[in-house]
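Here's a quick tour of a protein model for you to follow along with. Keep the 3D view open as you read.

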Amino acid sequence: MSENTQNDTTPVEQNAEKDPSDWVTGDEPITGAQRSYLETLAQEAGETVPDGLTKAEASRKIDEFQNETGRGQS
């Protein structure tokens, strides 16, 4: 039995979020989950969700609306 079984977990600093512009799939269309959450945040922020967003653009909008509404912040 190998003693290197602890390699199954990755330190938090190695799991840091990538900038959405660096995502391999960032130019793909927004996901259903992103759209749903964005619509909730937009409603709370008194904003609308633009049509035709990519995954990366949706992620940036989520961050923007979270900052406006205070949602998703610890």
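Let's start with Lys55, which sits in helix 2; helices (H or I, at least four residues) and strands (E, at least two) are DSSP runs, numbered from the N terminus. Lys55 is buried, with a relative accessible area of 18%, where buried means under 20% relative accessible area, exposed over 50%, and partly exposed in between (1.4 Å probe, protein chains only).

Before going further, a word on the ground rules. This is a predicted model, in which local features need pLDDT of at least 70 and side-chain atom pairs count only at pLDDT 80 or more, while totals for chains, interfaces and linings use all residues. Residues are numbered from 1 along each chain as its sequence is written, and side-chain values use heavy atoms, with hydrogens and water left out.

**Lys55 and its partner**

- Not counting residues up to four places away in sequence, Lys55 touches Trp23, Thr25, Gly26, Glu28, Pro29, Ile30, Thr31 and Gln34; a contact means heavy atoms within 4.5 Å.
- With one of these, Glu28, Lys55 makes a salt bridge between side chains (2.9 Å, N to O).
- This pair links distant parts of the chain, as Glu28 is in the segment before helix 1 and Lys55 is in helix 2, 27 residues apart.
- A salt bridge here is a side-chain nitrogen of Lys or Arg within 4 Å of a carboxyl oxygen of Asp or Glu.
- Why does Glu28 count as partly exposed? Because its relative accessibility is 35%, whereas Lys55 is buried at 18%.

**The whole chain**

- The protein chain has two helices and zero strands.
- Of its 74 residues, 23% count as buried.
- If you take the contacts with a separation of 6 or more, residues 24 or more positions apart account for 59% of them.
- The accessible surface of the chain comes to about 5700 Å², and carbon and sulfur atoms make up 43% of that; these areas come from the Shrake-Rupley method with a 1.4 Å probe, and for residues only the protein chains shown count as cover.

**Helix 2 up close**

- Helix 2 covers residues 55-69, so 15 residues, and reaches 21 Å from its first C-alpha to its last, close to the 21 Å expected at 1.5 Å a residue; the expected span is 1.5 Å times one less than the number of residues.
- Which residues of helix 2 are buried? They are Lys55, Ala56, Ala58, Ser59, Ile62, Phe65 and Gln66.
- Helix 1 (32-45) is included in what covers these buried residues.
- Gln66, in helix 2, is buried at a relative accessible area of 16%.
- The side chains of Gln66 and Tyr37 are joined by a polar contact of 2.9 Å; such a contact is a pair of N or O atoms within 3.5 Å, where, within protein, one must be able to donate a hydrogen and the other to accept it, and residues adjacent in sequence count only if both atoms are side-chain atoms.
- Setting aside neighbours within four places in sequence, Gln66 is in contact with Tyr37, Leu41, Arg71, Gly72 and Gln73.

**The nonpolar core**

- Nine residues form the largest nonpolar core: Ile30, Leu38, Leu41, Ala42, Val49, Leu53, Ala58, Ile62 and Phe65.
- Helix 1 and helix 2 each supply at least two residues of this core.
- A nonpolar core is a set of buried Ala, Val, Leu, Ile, Met, Phe, Trp, Tyr and Cys residues joined through side-chain atoms within 4.5 Å.
- Ala42, from helix 1, counts as buried because its relative accessibility is 3%.
- Leaving out neighbours within four places in sequence, Ala42 is in contact with Glu47, Thr48, Val49 and Phe65.
- With that same cut-off in sequence, Val49 is in contact with Arg35, Leu38, Glu39 and Ala42.

**Other salt bridges**

- How many salt bridges does the structure hold? It holds four.
- Glu39 pairs with Arg35, their closest N and O atoms being 3.8 Å apart, and both lie in helix 1, four residues apart, about one turn of the helix.
- The side chains of Glu44 and Arg71 also meet in a salt bridge (2.8 Å, N to O).
- That pair links distant parts of the chain: Glu44 is in helix 1 and Arg71 in the segment after helix 2, 27 residues apart.
- Glu44 is partly exposed at 44%, and Arg71 is partly exposed at 33%.
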